[in-house]
Amino acid sequence: MTVMPAMEPAPARTALRRHYLMCRPEHFAVTYAINPWMDPAAGADAARAVAQWEALRAAYLRLGHEVSLIEPVAGLPDMVFAANGALVVGGRVYGARFTHAERRAEGPAYAAWLRANGFGEVREPEHVNEGEGDFLTLDHVILAGTGFRTEIAAHQEAQEFLGRPVVTLRLVDPRFYHLDTALFPLDGGNVAYFPGAFSPGSRAVLERLFPEAVVADERDAAVLGLNAVCDGRNVVINAEAEGLIGALREHGYDPVPVDLSELRKAGGGPKCCTLELRG
Ligand code: ARG
């Protein structure tokens, strides 16, 4: 007779207090299309975007996190997506250099805010990279996306500047043009992701690095459910990602559903609106 192993209960998860930088979407609009989510003909409603964004900020504050704000700039409708503004690790700032001309001015704007707010070491990047949109930081490794925006040369530049191993992951589906639309860290050593967004080789890398990963399906990915923010326990996530929300609960996490449907018209979700400042 074979003895079935008992189902292990999900371990208790621990939240760590974070410091986030956000940008109120006062000038939000969809006036150009640089990813498949954006339709300038359909437009977007800035007032609705602000209301949804305020609820996101309130959720972070309720969870005990610190939120700093950068002043929005007229004419930069995507500036709400703070994640793209830089990569901040160990108090050092690797600046962003945007792919598309429409967003290029955001890089210097975020770098200036960080300099003015106590981050002395700001690296002006030589290579195209979109900050935390394509760089996700874990304890022992930084995962870095390429294929649509950030160049591999920037992965190497970031590794050299930050002194942390950077692992390149290739994105292959234009709907998931930034790494943070297809994967998010659950804690310093594990992730959730949608395999279909990655090349076969990168999928194999993820399986090897994260055998315990929470794997999401296409339906969760298609509502930007992977564009989530986890503090080790609480997961701020698009409410429409119902399957993933259930899976996270089973793994011992506390999902905090939010409605960012207006910002999704520009291809963004909770994580896009959030730049983590790691001191
Ligand atoms: N419209 C923006 C772009 O295409 C959305 C950026 C979303 N940010 C993110 N971290 N995925 O650049």
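Me: If we leave aside its neighbours within four places in sequence, which residues is Ile245 in contact with?

Reply: Happy to start there! Ile245 is in contact with Ile237, Pro255 and Pro257. Keep in mind that this is a predicted model.

Me: What makes a pair of residues count as being in contact?

Reply: Their C-beta atoms, placed from the backbone, must lie within 7 Å. The C-alpha atoms are another matter: those of Ile245 and Pro257 are separated by 8.1 Å. These two residues are 12 residues apart along the chain.

Me: Why does Ile245 count as buried?

Reply: The cut-off is 20 or more other C-beta atoms within 10 Å. Ile245 has 20 C-beta neighbours inside 10 Å, so it counts as buried. As for its place in the fold, Ile245 lies in helix α6, residues 242-250.

Me: Let's turn to another helix. How do you know that the span of α1 agrees with what it should be?

Reply: Helix α1 holds 17 residues, 46-62. The expected span is 1.5 Å times one less than the number of residues, so α1 should span 24 Å. Its end C-alpha atoms are 24 Å apart, and therefore the two values agree.

Me: Which residues of α1 are buried, and how do you know where they sit around the axis?

Reply: Ala49, Gln52, Trp53, Leu56 and Tyr60 are the buried ones in α1. They cover an arc of only 100° around the axis, so they are on the same side of α1. On the other side of α1, Ala47, Glu54, Ala55, Ala58, Leu61 and Arg62 are exposed.

Me: What do the buried residues of α1 pack against?

Reply: They pack against several elements, including strands β1 (19-22) and β2 (66-69) as well as α7 (261-264). After α1 comes Gly64, with a positive phi near 95°.

Me: Why are β9 and β11 called edge strands?

Reply: The sheet is open, with 3 strands in the order β9-β10-β11 and mixed pairing. β9 (183-187) and β11 (214-215) each pair on one side only, which makes them the edge strands.

Me: What makes β10 and β11 count as a pair?

Reply: Two strands need at least two bridges between them. β10, residues 190-193, and β11 have 2 bridges, in the parallel sense. In one of these strands, β11, Val215 is the bridge partner of Tyr193.

Me: Last one! How many residues surround the ligand, and which are the closest?

Reply: There are 16 of them, the closest being Phe81, Ala83, Gly133, His178 and Cys272. By class, the shell has 6 nonpolar, 7 polar and 3 charged residues.

Methods:
Residues are numbered from 1 along each chain as its sequence is written. This is a predicted model: local features need pLDDT of at least 70, side-chain atom pairs count only at pLDDT 80 or more; totals for chains, interfaces and linings use all residues. A residue is near a molecule or strand if its C-beta atom, placed from the backbone, lies within 6 Å of it. Ala, Val, Leu, Ile, Met, Phe, Trp, Tyr, Cys and Pro count as nonpolar, Asp, Glu, Lys and Arg as charged, and the others, Gly among them, as polar. Helices (H or I, at least four residues) and strands (E, at least two) are DSSP runs, numbered from the N terminus. A residue is buried if 20 or more other C-beta atoms lie within 10 Å of its own, exposed if 12 or fewer, and partly exposed in between; C-beta atoms are placed from the backbone. The arc is that of the directions from the helix axis to the C-beta atoms. Two residues are in contact if their C-beta atoms, placed from the backbone, lie within 7 Å.
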